Amino acid sequence: MNRPETLLRPRVPSPLQEVRDDRFARHGITLLLKRDDLIHPDLPGNKWRKLALNLEAAAGRPVLTFGGAYSNHLRATAAAGRLLEFPTIGVVRGDELAHRPLNPSLARCAADGMRLHFVDRTAYRAKASPEVLEGLLRLFGDVEVIPEGGSNALAAQGCAALGRELRGHTDVAAVACGTGGTLAGLAAGLDGGQRALGVPVLRGGFLGAAVAALQQEAFGGPAGNWSLDERFTFGGYARTTPELDAFAADFEDRHGLPVERVYVAKLLFALTALAEEGAFAPGTRVSAVITGTPDTPGPQASSVSR
């Protein structure tokens, strides 16, 4: 298989746009938007960066990966399979979903040719165990296994390009985090005078160890200056509050940018709060990595393995 970058022609480096926002300007802070959402229409943002080297490693073999019922990672993998013409298998959390109509996210995966395999939540929690993986390999044969969220050493190495694109352009590079692969690579790609900030969208306090482990695997040890601010989960993954919804709608009105709610809204809210708290010195350039756009329902289809 040819290199995915050659075939898909992603828009990299992604644009870096300054936005005038008085909530930052009155503190002497410049807000920049790193528009990774514009990289590719089917594999936007960190999904492209995390998948590219993994798809090269797969070399056209079937790709098996994991996700929940609304996983953007599953959708990006399925889209890559359609565009590059290789088989994909999505292991989906929740065996009860196998007997229900597919939601728009899973329907899009199926329409792109992904075979959906639903497992119970106990097995899903143990998805990295040898027993579960061996069972999946017996069922599906010779496949390339990519972890949930796409975060592994190859993903972190791919995301290092994001940091390199921001060298000389920002002081703080901030990204919303799910599984930590983007932050691990972003920090590694920045130069010594810059720092990366991760805003987790899940509760649990596990992300620091996950990022450190990914950097060890990808780069041989700690790489770059990074930190986490875990105060802005708004109740957990895909959870929201009226305050967050109002903030996102206001940001859209101010800047004409559709704000994705699961990741991007929490990131922008966090940066606005930090600016008000005085967390950034006057003169600081803060870049927010826009990793996706609001969801639009996909076509209805069904391709289910039970």
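**Pockets, a cavity and helix packing**

Modeller: In this predicted model, the second largest pocket holds about 200 Å³ of space. Residues are numbered from 1 along each chain as its sequence is written, and side-chain values use heavy atoms, with hydrogens and water left out. Local features need pLDDT of at least 70 and side-chain atom pairs count only at pLDDT 80 or more, whereas totals for chains, interfaces and linings use all residues.

Colleague: What makes this space a pocket, and which residues line it closest to its centre?

Modeller: On a 1 Å grid over the protein atoms alone, a pocket is an open set of points with protein on both sides within 12 Å along at least five of seven lines, and a lining residue has an atom within 4 Å of a point. The lining here comprises 13 residues, of which E5, W48, A52, G158 and A161 are the closest to the centre. Helices α3 (46-58) and α8 (153-165) each supply at least two lining residues. By class, five lining residues are nonpolar, two polar and six charged.

Colleague: Why is α4 called roughly parallel to α5?

Modeller: Helix α4 (residues 72-84) packs against helix α5 (residues 104-111) at about 20°, with the axes 8 Å apart. Angles under 35 degrees count as roughly parallel, and α4 and α5 are therefore roughly parallel to each other. Their crossing is left-handed.

Colleague: Which residues make the contact of α4 with α5?

Modeller: With contact meaning heavy atoms within 4.5 Å, α4 contributes L74, R75 and A78, and α5 contributes S105, L106, R108 and C109. These residues divide into four nonpolar, one polar and two charged.

Colleague: Why is α8 described as roughly perpendicular to α10?

Modeller: The angle between α8 and helix α10 (residues 207-219) is about 85°, and their axes are 8 Å apart. Roughly perpendicular covers 65 to 115 degrees, so α8 is roughly perpendicular to α10. The contact joins A153, A156, Q157 and A160 of α8 to L214, E217, A218 and F219 of α10. Six residues of this contact are nonpolar, one is polar and one is charged.

Colleague: How many cavities of 30 Å³ or more does the rule give, and what lines the largest cavity?

Modeller: A cavity is a set of grid points where a 1.4 Å probe fits but cannot get out. The count comes to one cavity of 30 Å³ or more. About 40 Å³ of space lies in the largest cavity. Its lining consists of C177, G178, P200, V201, L202, G205, F206, L207 and E230, with six nonpolar, two polar and one charged by class.

Terms used: Axes fitted to C-alpha atoms, helices over the stretch in contact; angles between N-to-C directions. Helix = DSSP H or I, 4+ residues; strand = E, 2+ residues; numbered from the N terminus. Parallel < 35°, antiparallel > 145°, perpendicular 65-115°, else oblique. Left-handed = near helix turned anticlockwise from the far one by under 90°. Nonpolar A, V, L, I, M, F, W, Y, C, P; charged D, E, K, R; others polar. Points joined across faces, edges and corners; volume = space filled by probe spheres on them.
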